[in-house]
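Hi everyone, thanks for coming. Let's have the structure up on the screen, and then I'll walk you through some of its packing.

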Amino acid sequence: MYQLTDVTKLYSKGRRTVPAVRDLTLTIGDGEWLAVQGRTGHGKSTLLNLLGGLDRPTSGSIEFDGKNLAKLRENQVNRVRATSIGFIFQTFNLVSTLSAAENVEAALIPLRVHAAERHRRVAAALESVGLADRSRHLPGEMSGGQQQRVAIARALVKEPKVLLADEPTGNLDEDTRDEIITLLARLWRERGLTLVLVTHDTAIAQLAQRVGVMSKGHLTVHGGASQPTATGARQSAGTDAQQLGDPDPAQPVTPGSMQSAASDTRTD
Amino acid sequence: MFFITYLRRELRRRMRQAIFIALGLALGIGLVVTVTAASAGVRKAQSDVLKSLYGVGTDVTVTGAAPRSFRPGSAPPKGAQQFMLGPGGAQVCQNGKCHSAAGMTIDHLSPQNYGPISQSNVAAVAALKDVKAAVGGLTLTDDGVKIPKNFGKPGSGSAPPQPNSFNVDGVDTSHLSMGPLSAGTIASGRSLTSADANSNVAVVDSGYAKTHKLKAGKKVSIAGHSFTVVGIVTQPQSGAPPDMYIPLDRAQALGTNPRTGKSLRNEVNTIYVTAASASDISVVQSEISKLLPHATVTTAASLASQVTGSASSAAKLANDLGKWLSILVLIAAFAVASLLTMAAVARRVREFGTLKALGWRSSRIIAQVIGESVAIGIVGGAVGVALGIAGAKIIDAVAPNLTASIATGTGQRVQTAGGGGGAQSFTPNVTHTVAVPMSVSVTAGVIVVAVLLAIAGGLLAGSFGGWRIARLRPADALARVA
């Protein structure tokens with residue numbers, strides 16, 4: 001899915017140049033769930049932006065399905081984002097004036113999907129996150145958890161290959177956090193998504209097949225599953241992915257199970 | 001349609017700001033509409049004044065040089081007739097020979113404002129390269145007075161005679177589409193025709209006809225000759241049109257040159273000229289000035305600049321203050337709309353960053369923002385047009401009649417009897433003052449311009465917002481507010 005080679009991203013801060021990501025080489029396989037942890041300001045969000053084509057590396061290459069995102073023209077990167085990459089943000093980033101259904105529909109606009117098909121897919125996406133009855137509600141009329149479900153529906157309605165989640169539970173209470181992570185885990189398993197999830201929460205990170213830790217722009221990856229897919233992880237018991245906490249589809253993630261998985265390595 | 005839904009929701013969210021921007025644009029556009037309508041009304045009034053003076057289709061008017069005034073006490077020119085009061089009573093003198101004027105009726109038809117131009121010059125002007133047509137005319141005044149028998153004799157106690165004057169235009173009946181009769185509408189009877197060239201027939205102005213109870217079929221006396229009234233004509237404005245129109249040949253035959261006492265055969269004192277095209281008018285003016293160096297050559301534009309009075313003041317007010325006020329308000333409205341749109345874009349940076357993350361192209365987002373601005377502009381334009389029409393109606397309702405005054409010649413000479421027995425002369429006021437009803441109306445063209453201005457305002461404001469969006473990098477947009 002992804003092949004990052006010697007990726008460096010530098011930012012200018014006045015006269016100083018600050019490296020956000022340094023010499024990063026990483027492979028993310030199809031259907032893999034990679035969690036990225038690290039302290040604030042150490043490059044987690046920059047890495048996610050680079051993977052999503054929202055930013056370009058200063059040097060190195062980011063190959064996505066054989067295409068180097070660093071070299072594509074802006075409209076080509078837009079196209080990749082529109083068709084293949086879904087984003088979930090910590091602050092949900094819903095358009096406050098649009099209803100839940102319209103927010104989800106916004107993701108289909110760049111794909112020029114016919115209106116009737118758009119409405120069908122929007123309804124199905126909201127159904128899949130359990131918000132079929134809230135389609136006409138504005139973001140301000142919904143709880144944080146519901147808003148994040150809408151954001152997840154928006155990310156998934158175009159049936160992307162990759163889901164990039166930046167602190168998706170950062171603004172939620174514990175119960176809602178578990179609810180959202182359970183939902184994400186289910187969708188990851190059912191849809192064979194590649195999931196890259198940035199989180200401060202070690203309990204959540206440990207549910208992933210691999211955990212990477214960003215520190216001063218360097219990424220250190222723990223765990224051995226470089227190629228397993230979500231489907232594969234489900235089917236082959238005893239893989240690294242399961243050892244790293246791949247949730248059992250028959251057994252939803254609960255606050256208790258997540259707390260038991262949490263360790264003292266929380267990084268924030 | 002998602003575009004409309006998004007646009008509607010966004011405008012509803014910032015309704016107060018949208019109303020504020022729309023009202024600003026409405027004010028500017030309303031002013032433009034009102035001022036433009038008022039200007040058009042004033043211009044039309046001015047145009048009507050000029051038409052009433054020179055008729056339609058005339059681009060250039062050539063008039064003979066004004067006759068020089070007598071100096072009081074100076075010898076009259078050879079052949080000129082003088083009316084004098086002496087110890088023996090009223091006398092008429094010509095070339096030094098005087099006879100009693102007691103009981104006489106003196107009736108002269110003579111040019112008073114303009115000197116004569118040889119009729120051959122009409123053909124010469126018509127032959128000029130950039131001239132489409134030229135037609136001659138005679139602008140004359142009929143002065144008639146009946147002298148009482150004992151008038152001027154000591155102790156007679158006779159009241160001074162009351163002169164009866166009216167204006168007569170000699171009209172070329174073979175070219176009736178030009179000249180002063182062309183602007184009029186026949187109210188009854190008929191107009192002159194080419195068959196009338198040598199007939200004693202007259203068309204009378206409706207105002208004069210009403211005052212003197214004339215109608216078609218009645219007789220009038222011009223230069224002591226009986227003329228049949230064949231029609232009554234109404235000119236566009238009720239100012240000072242000629243009182244009567246007679247065939248040019250008859251005017252030339254009956255008119256006399258007061259300086260020489262001779263008839264005006266083969267002479268005209270006004271030439272009405274149509275240029276080949278509007279752009280040729282100044283060239284034509286220059287060509288005629290070379291051909292007839294002593295004549296006065298007037299264009300509609302130069303005549304318009306001579307118009308004074310409240311119509312002229314209103315035109316200046318509309319053109320100067322009104323135009324600049326409209327432009328200033330429009331600029332202010334556009335600036336406020338642009339600034340508020342940019343502020344709105346700044347507040348929506350995260351929203352636009354998110355849309356870019358969803359794969360929206362910058363052009364699609366810019367189109368959305370411009371669409372919002374243009375929608376506000378169209379609402380502002382619609383309200384502005386309504387305000388403008390209301391303003392025009394108010395002006396129409398409360399504006400008094402404008403007056404337009406225009407000097408039509410100099411040196412008109414009238415001699416009158418002086419109490420001391422000597423001849424006196426004076427130059428009367430030769431200014432035509434016309435009451436012009438100001439009709440302010442909003443044309444479709446003005447509305448189209450207003451709507452285009454509103455859309456331009458929206459596009460301008462939206463473009464500033466769009467420029468900001470185009471420069472927005474999605475990662476920065478998401479990071480700045482996250």
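So, are α10(B) and α11(B) roughly parallel or roughly antiparallel to each other? Before I answer, the ground rules. This is a predicted model, where local features need pLDDT of at least 70, side-chain atom pairs count only at pLDDT 80 or more, and totals for chains, interfaces and linings use all residues. Residues are numbered from 1 along each chain as its sequence is written, chains are lettered from A and ligands numbered from 1 in the order in which they are written, and side-chain values use heavy atoms, with hydrogens and water left out.

Okay, the helices. Helix α10 of chain B covers residues 362–398 and helix α11 of chain B covers residues 444–470; helices here are DSSP runs of H or I with at least four residues, strands are runs of E with at least two, and both are numbered from the N terminus. Their axes come within 7 Å and cross at roughly 150 degrees. An axis is a line fitted to C-alpha atoms, for helices over the stretch in contact, and angles run from 0 to 180 degrees between N-to-C directions. So α10(B) and α11(B) are roughly antiparallel to each other (under 35 degrees counts as roughly parallel, over 145 as roughly antiparallel, 65 to 115 as roughly perpendicular, and the rest as oblique).

Who touches whom? Among the contact residues are B:Gly377 and B:Gly381 of α10(B), and B:Gly458 and B:Gly462 of α11(B); contact means heavy atoms within 4.5 Å. By class, this contact has 15 nonpolar, seven polar and no charged residues. Ala, Val, Leu, Ile, Met, Phe, Trp, Tyr, Cys and Pro count as nonpolar, Asp, Glu, Lys and Arg as charged, and the others, Gly among them, as polar.

Over to chain A. Helix α5 (residues 144–156) and helix α6 (residues 174–191) of chain A have axes that come within 10 Å and cross at roughly 15 degrees. That angle is why α5(A) and α6(A) are roughly parallel to each other. The residues of their contact divide into six nonpolar, three polar and three charged.

What does α5(A) lie across? It lies across β6 and β7 of chain A, running at about 170 degrees to β6(A). Those strands belong to an open sheet of six, in the order β6-β7-β8-β3-β9-β10 (chain A), with mixed pairing; two strands pair if DSSP finds at least two bridges between them. The edge strands are β6 (85–88) and β10 of chain A. β6(A) pairs with β7(A) in the parallel sense over four bridges, and A:Ile85 has A:Val162 as its bridge partner.

Last bit: how do the chains meet? 20 residues of chain B are in contact with 27 residues of chain A. The two chains bury about 2100 Å² between them, 61% of it on carbon and sulfur atoms. Buried area is the accessible area (1.4 Å probe) that two parts lose on being put together, summed over both. In chain B, B:Phe2, B:Arg9 and B:Leu358 lose the most area to chain A.
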